[in-house]
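Student: I have a new structure open and would like to learn how to read it. Could we go through it together, feature by feature?

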Amino acid sequence: MNRLRRFLQTPEAIAGAIILALLIVMALAAPLLFPGDPQAIAGPALLPPFQDLSLPLGTDRLGRDVLAELFHGARTSLAVGLAAAAAALLIGSVVGTLAGFAGGLVDDVLMRITDAFQTVPGFLLALAFVSIVGPSLGVVVAAIALGAWTGPARVARAEVLSIRERDYVAGARVIGMHPLEIAFREVLPNALPPVLALSSVIVAAAILTEAALSFLGLGDPNRVTWGGMIAEGRTVLRTAPFLSVVPGIALVLTVLGVYLAGEGVVESTAVRRSLS
Amino acid sequence: MTRALALLHRRLVGSVFVLLIVVIGSFLLLEAAPGDAVDAYIVSTGGDAGMIELLRHRWGLDQSELTRLANYLWALLHLDLGQSVTFSRPIREIIFERLPTTLILMGSATALSFCLGSALGIYAGARPGSFRDRLLSIGSLALYAVPGFWLGLVLIVVFAVDLRWLPIGGIETIASAKTGLARAHDIATHLVLPVSALGFIYLALYLRMMRAGMAEAWRQDFVLAARARGLSRRRIVLAHVARNALLPLVTMLGLQSAQMLGGSVVIESVFAVPGLGRLAQEAVAGRDTPLLLGIILVSTVLVIIINLLVDLAYAVLDPRVGASEASA
């Protein structure tokens with residue numbers, strides 16, 4: 001409880017927490033409030049918003065309920081963002097720990113590979129990966145993680161380099177622990193905090209990348225995505241700009257919420273550190 | 001000068017490894033994709049089963065994977081990127097046709113985001129914690145949360161559809177037969193919206209970096225010394241605090257280039273700008289894997305070159321960089 005209060009100190013963190021909480025409620029409530037297929041036709045095509053009480057945000061070009069799509073889109077955005085970020089953090093911290101702890105040739109090879117992934121434009125890589133393997137939720141998550149793990153890997157490696165000289169690591173060596181066991185049970189957990197500090201930026205970037213991919217038609221075709229909704233609305237941009245604008249605002253608010261909450265967490269832990 | 005050369009040497013060696021890894025990676029992706037170069041060729045020219053066999057044999061596609069990788073590397077050494085499926089033309093030709101447009105777009109967007117971003121960052125960082133600082137911080141965070149393609153669409157709705165100030169897309173007026181300055185002006189008006197959409201997102205990044213760097217620099221002793229010497233506030237802000245915060249932004253310029261290339265894919269699709277990014281989208285739409293991988297390879301080389309240039313600029317700007325290599 002104390003930790004929560006410390007987190008909610010700044011107005012920015014409170015705003016971020018509220019946005020994220022609303023979003024999670026939206027994502028969880030989507031199948032309850034809008035059961036059935038959100039991609040099914042619900043009314044006349046291109047119904048303007050605030051006209052029909054049963055369709056508050058109107059309908060799109062094919063007569064689908066915009067509000068239902070918005071709720072279901074929140075599910076996809078959050079799921080992909082969180083899964084891709086978790087995968088990126090996992091790959092990054094494992095690669096970084098191995099590179100930093102092993103040193104020598106292993107370090108050189110792993111860091112060159114990290115360099116290579118950092119040099120290739122991540123979005124182009126994701127584009128190529130999805131278009132070759134075929135669009136599905138898992139592939140999109142993998143494609144995004146492919147371009148996002150390098151940051152965590154570098155941070156983890158730098159942290160491991162300083163940790164591996166500590167006394168408790170020497171102690172673990174003396175009692176005969178296997179180097180891999182030391183790396184993953186003693187070193188990695190202690191190297192995690194600065195890596196986890198990157199998570200809000202990575203989640204935000206993952207949500208934006210997913211939106212851009214589905215905007216280009218490379219999202220999972222069986223799921224509603226905000227990027228896909230914007231692309232749909234684009235065809236009637238002149239007559240019904242609303243259809244592109246609304247999912248875009250949802251995206252901006254989501255990413256902003258993630259940033260704000262992330263800064264709040266970092267700040268509250270920084271305060272705790274400077275106090276202790 | 002030896003400093004810069006030593007740095008260049010070390011970076012070039014590293015770049016060769018990076019490029020090799022990227023090439024092998026793109027070869028693996030090419031192998032994983034359904035269909036091969038012969039299928040692509042047959043689609044565009046037509047031919048029977050005997051022809052397919054013959055071509056597979058002649059192009060060495062019936063050989064082992066390692067031989068094919070060697071052939072692929074050998075072709076790349078000769079700058080041969082293969083044949084495009086959708087365009088039925090050599091990939092190298094298509095890419096070099098599209099590259100200048102993307103370079104203009106990226107260059108202008110980078111200039112816009114860097115100049116405006118660092119200027120606003122100086123304005124915010126001149127008084128850390130003030131009202132304008134908080135306002136700009138929140139504003140830049142909100143801007144950083146905006147998807148580039150969506151900002152592009154909103155700009156189109158406002159400036160091209162409603163106000164009709166600017167063209168809705170494309171790179172120049174089709175069949176206008178403009179030449180010289182008139183044509184340059186035409187292209188510039190077409191570029192205003194895409195450059196803004198791409199540049200404004202990254203503006204936030206430079207603003208935040210500049211502001212954070214300045215907030216850090218204010219606490220340093222040399223600022224106290226400058227104050228004690230009785231320098232004007234303006235002089236301290238510009239010549240001492242901002243100057244020290246500027247260097248990391250130059251590094252960011254290089255790191256950002258890869259992301260900007262990715263961002264130009266969506267922006268070019270939104271504004272129908274015939275550049276490398278739109279080409280990538282066309283390659284995806286046409287299931288043209290060799291073309292897509294060719295684009296990735298060329299963009300990787302581009303990112304490496306940009307980063308080398310940034311490193312060199314850095315070595316010139318900061319005498320500490322590369323000093324250890326030169327003396328070693």
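Tutor: Happy to! Let's begin with pLDDT, which is the predictor's confidence in each residue, from 0 to 100. This is a predicted model, so local features need pLDDT of at least 70 and side-chain atom pairs count only at pLDDT 80 or more, while totals for chains, interfaces and linings use all residues. Residues are numbered from 1 along each chain as its sequence is written, and chains are lettered from A and ligands numbered from 1 in the order in which they are written.

Student: What is the mean pLDDT of chain A?

Tutor: Chain A has a mean pLDDT of 86, with 96% of its residues at 70 or more.

Student: How many helices and strands does chain B have?

Tutor: Helices (H or I, at least four residues) and strands (E, at least two) are DSSP runs, numbered from the N terminus. Chain B has 13 helices and zero strands. Its C-alpha trace spans about 85 × 60 × 35 Å along the principal axes.

Student: What share of chain B counts as buried?

Tutor: A residue is buried if 20 or more other C-beta atoms lie within 10 Å of its own, exposed if 12 or fewer, and partly exposed in between, with C-beta atoms placed from the backbone. In chain B, 38% of the 328 residues count as buried.

Student: Is B:Ser196 buried or exposed?

Tutor: B:Ser196 sits in helix α8 of chain B, and it counts as buried because it has 21 C-beta neighbours inside 10 Å. Its C-alpha is separated by 9.8 Å from that of B:Leu105, 91 residues apart along the chain.

Student: And is A:Pro56 buried or exposed?

Tutor: A:Pro56 is exposed, with 12 other C-beta atoms within 10 Å. You will find A:Pro56 in the loop between α2 (11-33) and α3 (66-102) of chain A. Two residues are in contact if their C-beta atoms, placed from the backbone, lie within 7 Å. Not counting residues up to four places away in sequence, A:Pro56 touches A:Pro49, A:Phe50 and A:Leu67.

Student: Why is α10(A) described as largely enclosed?

Tutor: Because 15 of the 17 residues of α10(A) are buried, this helix is largely enclosed by the rest of the structure. Helix α10 (residues 199-215) of chain A reaches 24 Å from its first C-alpha to its last, close to the 24 Å expected at 1.5 Å a residue; the expected span is 1.5 Å times one less than the number of residues. After α10(A) comes A:Gly217, with a positive phi near 85 degrees.

Student: How many residues does the largest nonpolar core have?

Tutor: A nonpolar core is a set of buried Ala, Val, Leu, Ile, Met, Phe, Trp, Tyr and Cys residues joined through C-beta atoms within 7 Å. The largest has 156 residues, and those with the most contacts inside it include A:Leu124 and B:Ile295. Helix α8 (residues 180-217) of chain B gives the most to this core, 17 residues. Leaving aside neighbours within four places in sequence, the contacts of B:Ile295 include A:Leu124, B:Ile95 and B:Ala280.

Student: How many residues of chain B are in contact with chain A?

Tutor: On chain B, 39 residues are in contact with 35 residues of chain A. The largest share of that side of chain B, nine residues, comes from α12(B).
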